[in-house]
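Me: I have a model open and want to walk through it. Can you take my questions as they come?

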Amino acid sequence: MKLFVYSSAFIARAMEHDKNHEAAGDVFRELSRRRLPYHLLYTSNFVVDETVTFLLYQAGPRTALAVLEWIRASPNVRVLHVSEELEPIVDREFRRYASS
């Protein structure tokens with residue numbers, strides 16, 4: 001099973017005052033212990049950028065850099081790179097599913 005992780009999950013894990021901080025921490029711990037059916041987490045380069053930029057301004061450079069390093073070093077996180085060449089393909093798929 002595959003799981004795509006959005007910035008909100010990374011942000012909640014990093015920011016102690018986030019209302020979902022505890023739940024995000026629990027989920028990431030369970031994932032790392034392989035107690036959930038996901039072995040790899042997927043995200044995109046856009047999500048990483050959005051996450052660390054938000055954290056830089058809301059939590060400071062130390063937190064932003066720590067999250068960036070965690071994402072880059074984690075053997076369980078795969079960063080998918082959205083490129084200009086892929087955008088028309090993604091748009092086509094979006095139109096296909098949006099109209100069904």
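**Loop, sheet, helix and pocket**

Reply: Starting with a loop: proline 37 is found between H2 and E2. Helices (H or I, at least four residues) and strands (E, at least two) are DSSP runs, numbered from the N terminus.

Me: What kind of model is it, and how are residues numbered?
Reply: This is a predicted model, where local features need pLDDT of at least 70, side-chain atom pairs count only at pLDDT 80 or more, and totals for chains, interfaces and linings use all residues. Residues are numbered from 1 along each chain as its sequence is written, and side-chain values use heavy atoms, with hydrogens and water left out.

Me: Back to proline 37. Why does it count as partly exposed?
Reply: Because its relative accessibility is 44%. Buried means under 20% relative accessible area, exposed over 50%, and partly exposed in between (1.4 Å probe, protein chains only).

Me: Which elements does the protein have, and in what order?
Reply: Five helices and three strands. They run β-α-α-β-α-α-β-α from the N terminus on.

Me: How do the strands pair?
Reply: The three form an open sheet with the order E1-E2-E3 and parallel pairing. Two strands pair if DSSP finds at least two bridges between them. Strand E1 (3–4) and strand E3 (77–80) are the edge strands, each pairing on one side only.

Me: How many bridges join E2 and E3?
Reply: Four, in the parallel sense, with E2 covering residues 41–44. Tyrosine 42 has arginine 78 in E3 as its bridge partner.

Me: And what packs on the sheet?
Reply: Helix H3 (residues 45–58), which touches E1, E2 and E3. Its direction makes about 80° with that of E2. Axes are lines fitted to C-alpha atoms, for helices over the stretch in contact, and angles run from 0 to 180 degrees between N-to-C directions.

Me: New topic. Which residues lie nearest the centre of the largest pocket?
Reply: Phe28, Leu31, Ser32, Trp70 and Asn76, out of 13 lining residues. On a 1 Å grid over the protein atoms alone, a pocket is an open set of points where a 1.4 Å probe fits, with protein on both sides within 12 Å along at least five of seven lines; lining residues have an atom within 4 Å of a point.

Me: Which helix gives the most to that lining?
Reply: Helix H2 (residues 21–32), with five residues.

Note on methods
Contact = heavy atoms within 4.5 Å.
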